[in-house]
Amino acid sequence: MIRYGLLFIPYLLAALLQGSPTASYVVAWGGSIWILGLTLSGGVTPLPGGRSLARQLFRPIGLTQLMFAGYTALTSIFHFLDLQGFFYLSYDPFRAASASELALAAEAQRYYVLAHAAFSTGVLAVMDYRQSGEWQLRTSMSQPWFMLYLAGGLFLGSMVLSWVPGLGQIQERLTTLAFVASVLSLAVSIVQGQRTLILANIGVYGVNLLQALLSGWKSEVIVAFLLLAVFLYPWYRRTMTVLAPAVLVLLFAILPTYASVFRSMNWRGEAQAERAAEVALDRVLSDDTPMAEINWSFMTGRLSEIGMFTDYIDYVPDERPYYGLTLVENGAMGIIPRAVWPGKPNMERLAMERVYEAGVVEEYSAVSAKPKFVVDAYLSGGAFGVFLGCLLYGILASLASRLAERWFGGYLLGSGLVYTALFKVFWLTNAFEFFFNTVFWSFMVMGALFVAGRMTGYLVRAPQNEPVTA
């Protein structure tokens, strides 16, 4: 318990310094780095099985925590620098925000570091992988070829389900599984040096990357590169340590401008996706495009949700009391399929009601600015809501990973494929109305896949005398 208490020291120190917003923010922001250092090094609880972190990055303690902390807590630094009057490295004191705005940002950051500490506690508290690999994959094909065929089968299955009303949740998860399986096949084929398979997988990867670019979503492109880098990292640590950050920096420099131009043309119906992508790339390469301003606006306003979080903190509980269990009830309603409950409320509209109430965006605006999990946890019960919500969040993530590894052959297929594909919502979170729904149906799909694997003979129980390692 004392070691778990170390995770909450930054929140307590930041709370004591709330009279000085800048100092409080810096302590809270640096606190997430402190938590990452303690958890990733095994300083609180030893990493499972005595493995290095590189061999368990796909477990919640690794990539899930890095994405959760990065998106909620660490990327807020750009917003805070903007409030201080910075534009990259240039400083203009006349652009600095008011003391009240700095205080709200510091308070939001304190909730973020509390959320990070609670999430990490939940993950570590149930991080027991002694049953990992209880069921194993049995196939005559090599693992990368099986993954490639699996990706193709899942993709075809998702296409068939897209024609069936009411199965969007399942169809979406099969599509994601197919994509992650293809990336895993590419990574393993590279490690094993299978040239024919590498070429086939590069073709599939290229198609997926092209689809991500034509979707207009920055996150889809970033995830495509990130997954491949993490899969390859255990075998090519030095190369990935240098190459992956360089590619990510390049993507963050290009994608905001690309996505801005693409969406303005394609999403408004002014041009087909291919034409919009061509124009967007031309704008990126053009000297006339104000990329510095667009990228700074993205880093300060979209890369982090802290700006919107401060609007909620300013509104609740001063002007409106905490929501209590109302948002949890909304999330529970979201689980029920509309086919079962035709009169089910519109979840998007329900989630946006509190957005309009707090004045985050105007009701006539076409922007969707649904709150994320930490914000909804705060709206439900303040600091206690953040602590309890994110503690359960971490516990759920660990349980999902453990079950995936137990049912699907251990770490690589369990956490690397099934958990990563089905429970990607743990990376960037979502509003309660959509988070509960996604997690519930991800468990259902995982259970259905296990049953299908058992019935077809692809999943068999590991021999009793075979050691199961974490």
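**Exercise 1. Locate proline 317 and state the geometry of the peptide bond that joins valine 316 to it.**

Step 1. Proline 317 sits in the loop that runs between α14 (306–315) and α15 (326–335). Helices here are DSSP runs of H or I with at least four residues, strands are runs of E with at least two, and both are numbered from the N terminus.

Step 2. The bond between valine 316 and proline 317 is a cis peptide bond, with omega of about 10°. Most residues other than glycine have a negative phi, and most peptide bonds are trans.

The model is predicted: local features need pLDDT of at least 70, side-chain atom pairs count only at pLDDT 80 or more, and totals for chains, interfaces and linings use all residues. Numbering starts from 1 along each chain as its sequence is written, and side-chain values use heavy atoms, with hydrogens and water left out.

**Exercise 2. Check the length of helix α9 and work out where its buried residues lie.**

Step 1. Helix α9 covers residues 195–215, which is 21 residues. The expected span is 1.5 Å times one less than the number of residues. For α9 this gives 30 Å, and the end C-alpha atoms are 30 Å apart, so the two agree.

Step 2. The buried residues in α9 are Leu197, Ile198, Asn201, Tyr205, Asn208, Leu209 and Ala212. Viewed down the axis of α9, the buried residues fall within an arc of 100°, so they line one face of the helix. The arc is that of the directions from the helix axis to the C-beta atoms. An α-helix has 3.6 residues a turn, so residues three or four places apart point the same way.

Step 3. Thr196 and Leu199, on the other side of α9, are exposed. The cover over the buried residues of α9 includes α7 (143–161), α8 (168–192) and α10 (218–232).

**Exercise 3. Describe the surroundings of cysteine 390.**

Step 1. Cysteine 390 belongs to helix α17 (residues 373–407). Its relative accessible area is 0%, so cysteine 390 is buried.

Step 2. Leaving aside residues up to four places away in sequence, cysteine 390 touches Phe68, Ala115, Ala118, Phe119, Phe373 and Val374. A contact means heavy atoms within 4.5 Å.

Step 3. Alanine 99 is 291 residues from cysteine 390 in sequence, and their C-alpha atoms are 29 Å apart.

**Exercise 4. Which values describe the chain as a whole?**

Step 1. The chain holds 20 helices and 4 strands. Its radius of gyration is 23 Å, close to the 23 Å that the globule rule gives for 470 residues, so the chain is as compact as a globular protein of that length. The radius is taken over C-alpha atoms, and the rule is 2.2 Å times the number of residues to the power 0.38.

Step 2. Of the 470 residues, 49% count as buried.

Note on methods. Buried means under 20% relative accessible area, exposed over 50%, partly exposed in between (1.4 Å probe, protein chains only).
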